[in-house]
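Morning, everyone. I have one chain to walk through today. Let me put it on the screen.

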Amino acid sequence: MRAAALLALTLLGACDGSKPLIKREPEQPGPFPAADRPVAHIVSSRWSNEEARDRLREASQVMDRASIRPGMTVADIGAGEGYYTIRLAARVGEDGRVLAEDIFASVRDELAERVARERLDNVSVRLGTPADPKLPENSFDRVLMVHMYHEIEQPYEFLWRLRPSLKPDGLVVVVDADRATQNHGTPPALLACEFAAVGYRRVSMENLPSAGGYLATFRPQGPRPDPETIRRCQLAPPALNEAPRSAAQR
């Protein structure tokens, strides 16, 4: 009887309104708009062989144009086999840091083995998801996305979740080809529209033939928008040859 009375008192104490009996998980943000464009299939973790890319000075030119310097912290999104990861590690030096991210566990593991084999103590490797790179907040001077933006299935959610990872003066650096997304590229006007929809301002845009297209940089501007207020960009019919428009402009 005494045990039963103690149990009753415990239950009554738990129901006094001071603490909820069931811990509620925080609501997930969203919904986010779907991309109004085709999404390229991920066909390989290797875009081209490293020797050919080095002959064109691809990585060095990208890092120069992105103003990547010793001591910086850089994220390599969609790192694949690590072409940029390895070269970024050398550029930022022992006082800098590189975080290499990929969405496939097998690719992540192979890159982690390469990093360990080459004794790159300033590199860490992380597994992300298609809609969230899972980067730590307020950490990066530069976030690189090289020949992979057109493969992002949910660009608005991805860019929204990416924003907090940048330092106040940090930049997102996108390298891609000027062609349709289904053909493994992103038209520059579409790229700028999708970034602007999530509150990024384009800082620079330049042709970069050695990297197979162009290099664009973006910086967050103003508060991060509520997901419900994000308006997706609309692809104009190819025959009209018009720039993409935000749904808010229609």
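Start with the buried residues of helix α4: Tyr-83, Tyr-84, Thr-85, Ile-86, Arg-87, Leu-88, Ala-89 and Val-92. Buried means under 20% relative accessible area, exposed means over 50%, and partly exposed lies in between, with a 1.4 Å probe and protein chains only. Eight of the ten residues of α4 are buried, so the helix is largely enclosed by the rest of the structure. After α4 comes Gly-93, with a positive phi near 75 degrees.

A word on the source. This is a predicted model, where local features need pLDDT of at least 70 and side-chain atom pairs count only at pLDDT 80 or more, while totals for chains, interfaces and linings use all residues. Residues are numbered from 1 along each chain as its sequence is written, and side-chain values use heavy atoms, with hydrogens and water left out.

Now the whole chain. It has seven helices and nine strands. Those are DSSP runs numbered from the N terminus: H or I of at least four residues for helices, E of at least two for strands. Of the 250 residues, 45% count as buried. The chain exposes about 13,700 Å², and carbon and sulfur atoms supply 51% of that. Areas come from the Shrake-Rupley method with a 1.4 Å probe; for residues, only the protein chains shown count as cover. Take the contacts with a separation of 6 or more: residues 24 or more positions apart account for 72% of them. Contact here means heavy atoms within 4.5 Å.

Back to α4 and its partner. How do α3 and α4 pack? Helix α3, residues 58-65, meets α4, residues 83-92, at an angle of about 55 degrees, and the axes are 10 Å apart. That makes α3 oblique to α4. For the terms, angles under 35 degrees are roughly parallel, over 145 roughly antiparallel, 65 to 115 roughly perpendicular, and the rest oblique. Axes are lines fitted to C-alpha atoms, for helices over the stretch in contact, and angles run from 0 to 180 degrees between N-to-C directions.

By class, that is six nonpolar, one polar and four charged residues. Nonpolar covers Ala, Val, Leu, Ile, Met, Phe, Trp, Tyr, Cys and Pro; charged covers Asp, Glu, Lys and Arg; the others, Gly among them, are polar.

The axes of α6 and α7, residues 188-197, come within 9 Å and cross at roughly 55 degrees. That makes α6 oblique to α7. The crossing of α6 and α7 is right-handed. Pro-155, Tyr-156 and Leu-159 of α6 meet Glu-194, Phe-195 and Ala-197 of α7. The tally is five nonpolar, no polar and one charged.

Stay on α6, residues 155-162, for Glu-157. Is Glu-157 buried or exposed? Glu-157 counts as buried, at 14% relative accessibility. Leaving out residues up to four places away in sequence, Glu-157 touches Phe-32 and Ala-131.

Last stop, Asp-169 in strand β5, residues 166-176. At 47% relative accessibility, Asp-169 is partly exposed. Not counting residues up to four places away in sequence, Asp-169 touches Arg-142 and Arg-219. Phe-140 sits 29 residues from Asp-169 along the chain, with 9.1 Å between their C-alpha atoms.

Notes:
Left-handed = near helix turned anticlockwise from the far one by under 90°.
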